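Visitor: Please take a close look at one part of this model, the charged side chains and how they pair. Then set that part against the rest of the chain.

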Amino acid sequence: MEPWRYSAQGVSVALRVTPRGGRDDIDGIETLANGRAVVKVRVRAIAEGGEANRAVMDLLAKALGVRKTDVRLLSGATSRQKQVAIDGDPVKLGNTLRAVTAAAQPK
């Protein structure tokens, strides 16, 4: 099951974020204990003053080839689990997410 949902405006993605993760990177897809699939993301920024959230939005925009303004936080501002919306062509975004997360999965 993919951790993103399609809409007319783009996609909504479930994330699990690790602040102070040593690098800014997408680590693939993980299934949580409750069975929910999430995209694992790590950022160097600390989880203070919204720095980690900004770093996550920047990382996703760069990885998906969209403007920073096309990525917005829907929920989870103070949580490791977040929901973000990414505006753009939903099919293209889904294909890019699939490629980025598959490349990150351990072989």
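Guide: Start with R23 and D27, whose side chains meet in a salt bridge with 3.4 Å between N and O. The model is predicted, and every distance given here is computed from it. The two partners differ in how much of their surface is open. D27 counts as buried because its relative accessible area is 14%, below the 20% cut-off. R23, at 38%, is partly exposed.

With a relative accessibility of 30%, D25 is partly exposed. As background, side chains of opposite charge can pair when their charged atoms come close.

Elsewhere, D87 and R72 pair through their side chains, with 3.0 Å from N to O. Returning to the pairs around R23, salt bridges that share partners join R23, D25, D27 and R42 into one network. The total number of salt bridges, by the rule used here, is nine.

Now for the nonpolar part of the chain. In soluble globular proteins, nonpolar side chains tend to be buried together. The largest nonpolar core in this model holds 24 residues, and V13, L15, V41, V43, V56 and I86 have the most contacts inside it. Two or more residues of this core come from each of β2 (10-18), β4 (37-42), α1 (51-64), β6 (81-87) and α2 (90-104). Of these elements, α1 gives the largest share, eight residues.

Neighbours within four places in sequence aside, L15 is in contact with V38, V39, V41, V56, L60, R80, Q81, K82 and V84. V41 and V56, both in that group, are also among the residues with the most contacts inside the core.

K82 leads on to the largest pocket. Its space comes to about 170 Å³. The lining has 15 residues, and those nearest the centre of the pocket are A47, N53, A77, T78 and K82. By class, six of the lining residues are nonpolar, five are polar and four are charged. Helix α1 gives the largest share of this lining, three residues, and α1 also gives the largest share of the core.

N53 sits in helix α1. Is N53 buried or exposed? N53 is buried, because its relative accessible area is 13%, under the 20% limit. Once neighbours within four places in sequence are left aside, its contacts are L73, A77 and K82. A77 and K82 are also listed with N53 among the lining residues nearest the pocket centre. Between N53 and G76 there are 23 residues in sequence and 9.4 Å in space, C-alpha to C-alpha.

R20 lies in the loop between β2 and β3 (25-31). Its phi is near 55 degrees, a positive value in a residue other than glycine. Most residues other than glycine have a negative phi. R20 is exposed, at 67% relative accessibility.

E48 lies in the loop between β4 and α1 and is exposed at 55%. From E48 to A37 the C-alpha distance is 26 Å, for 11 residues in sequence. G65, in the loop between α1 and β5, counts as exposed at 64% relative accessibility. G65 and G76 are likewise 11 residues apart in sequence, and 23 Å apart from C-alpha to C-alpha.

Terms used. Residues are numbered from 1 along each chain as its sequence is written. This is a predicted model: local features need pLDDT of at least 70, side-chain atom pairs count only at pLDDT 80 or more; totals for chains, interfaces and linings use all residues. Side-chain values use heavy atoms; hydrogens and water are left out. A nonpolar core is a set of buried Ala, Val, Leu, Ile, Met, Phe, Trp, Tyr and Cys residues joined through side-chain atoms within 4.5 Å. Buried means under 20% relative accessible area, exposed over 50%, partly exposed in between (1.4 Å probe, protein chains only). Helices (H or I, at least four residues) and strands (E, at least two) are DSSP runs, numbered from the N terminus. Contact means heavy atoms within 4.5 Å. A salt bridge is a side-chain nitrogen of Lys or Arg within 4 Å of a carboxyl oxygen of Asp or Glu. On a 1 Å grid over the protein atoms alone, a cavity is a set of points where a 1.4 Å probe fits but cannot get out, and a pocket is an open set with protein on both sides within 12 Å along at least five of seven lines; lining residues have an atom within 4 Å of a point. Grid points are joined across faces, edges and corners, and a volume is the space filled by probe spheres set on the points. Ala, Val, Leu, Ile, Met, Phe, Trp, Tyr, Cys and Pro count as nonpolar, Asp, Glu, Lys and Arg as charged, and the others, Gly among them, as polar.
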